[in-house]
Amino acid sequence: MTEELCKLEIFVPESYFEPVRRALWAVDAGHIGAYDRCLSWSRADSCWRPLAGSAPFDGTPGELTQAPELKIEVCCRKSRLRETLDAVKAAHPYEEPVINILPMLGTGL
């Protein structure tokens with residue numbers, strides 16, 4: 001049986017794409033069979049409202065913020081999920097990064 005994988009969806013400002021991508025590669029996220037550094041990204045329009053007491057990277061507490069972001073999609077070995085999340089959070093500028101974790105049944109089938 002192959003190792004269990006999950007898919008990460010990470011929303012990041014474009015100016016932090018390279019640091020987050022390097023962080024993912026440093027922990028071998030995006031390794032699929034005989035290939036590594038496999039990931040995709042697409043443009044996304046996002047909105048959020050920082051609440052009182054927050055320290056937003058972008059925006060003002062109490063006000064709705066809209067901004068373009070990139071959505072990075074990458075697979076990750078479940079056994080390395082904590083290490084991968086720690087690496088992304090260290091490279092990511094947001095106080096509360098949006099990182100969706102989705103279980104995968106397989107890839108490259």
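**Note on the fold and helix packing**

1. Helix 1 and helix 2 pass one another in a right-handed crossing. A crossing counts as right-handed if the near helix is turned clockwise from the far one by less than a right angle, and as left-handed if anticlockwise. Helices (H or I, at least four residues) and strands (E, at least two) are DSSP runs, numbered from the N terminus.

2. The model is predicted: local features need pLDDT of at least 70 and side-chain atom pairs count only at pLDDT 80 or more, while totals for chains, interfaces and linings use all residues. Residues are numbered from 1 along each chain as its sequence is written, and side-chain values use heavy atoms, with hydrogens and water left out.

3. The protein chain contains two helices and four strands, which follow the pattern β-α-β-β-α-β along the sequence. Its C-alpha atoms fill a box of roughly 50 × 25 × 25 Å along the principal axes. Of the 109 residues, 36% are buried, a term that means under 20% relative accessible area; exposed means over 50% and partly exposed lies in between (1.4 Å probe, protein chains only). Among contacts (heavy atoms within 4.5 Å) between residues at least 6 apart in sequence, 70% join residues at least 24 apart.

4. The four strands form an open sheet in the order 2-3-1-4, with antiparallel pairing; two strands pair if DSSP finds at least two bridges between them. Strand 2 (40-48) and strand 4 (99-104) are at the edges and have a single partner strand each, so one side of each lacks a neighbour in the sheet. From one strand to the next, the twist averages 30°. Axes are lines fitted to C-alpha atoms, for helices over the stretch in contact, and angles run from 0 to 180 degrees between N-to-C directions.

5. Strand 3 (residues 65-77) pairs with strand 1 (residues 5-12) over eight bridges in the antiparallel sense. Opposite V12 stands L70 of strand 3, and K7 has C75 in strand 3 as its bridge partner. Strand 2 also pairs with strand 3 in the antiparallel sense, over nine bridges; here R43 has L70 as its bridge partner.

6. Helix 1 (residues 17-26) lies across strand 1, strand 2 and strand 3, and runs at about 15° to strand 3. Helix 2 (residues 81-91) packs on the sheet and touches strand 1, strand 3 and strand 4, its direction making about 155° with that of strand 4.

7. The axes of helix 1 and helix 2 come within 8 Å and cross at roughly 160°. The two helices are therefore roughly antiparallel to each other; that label applies to angles over 145 degrees, whereas angles under 35 count as roughly parallel, 65 to 115 as roughly perpendicular and the rest as oblique. In their contact, P19, V20, A23 and L24 of helix 1 meet T84, A87, V88 and A91 of helix 2. These residues divide into seven nonpolar, one polar and no charged, where Ala, Val, Leu, Ile, Met, Phe, Trp, Tyr, Cys and Pro count as nonpolar, Asp, Glu, Lys and Arg as charged, and the others, Gly among them, as polar.

8. R21 belongs to helix 1. R21 is buried, with a relative accessible area of 17%. Apart from neighbours within four places in sequence, R21 is in contact with L39 and W41.
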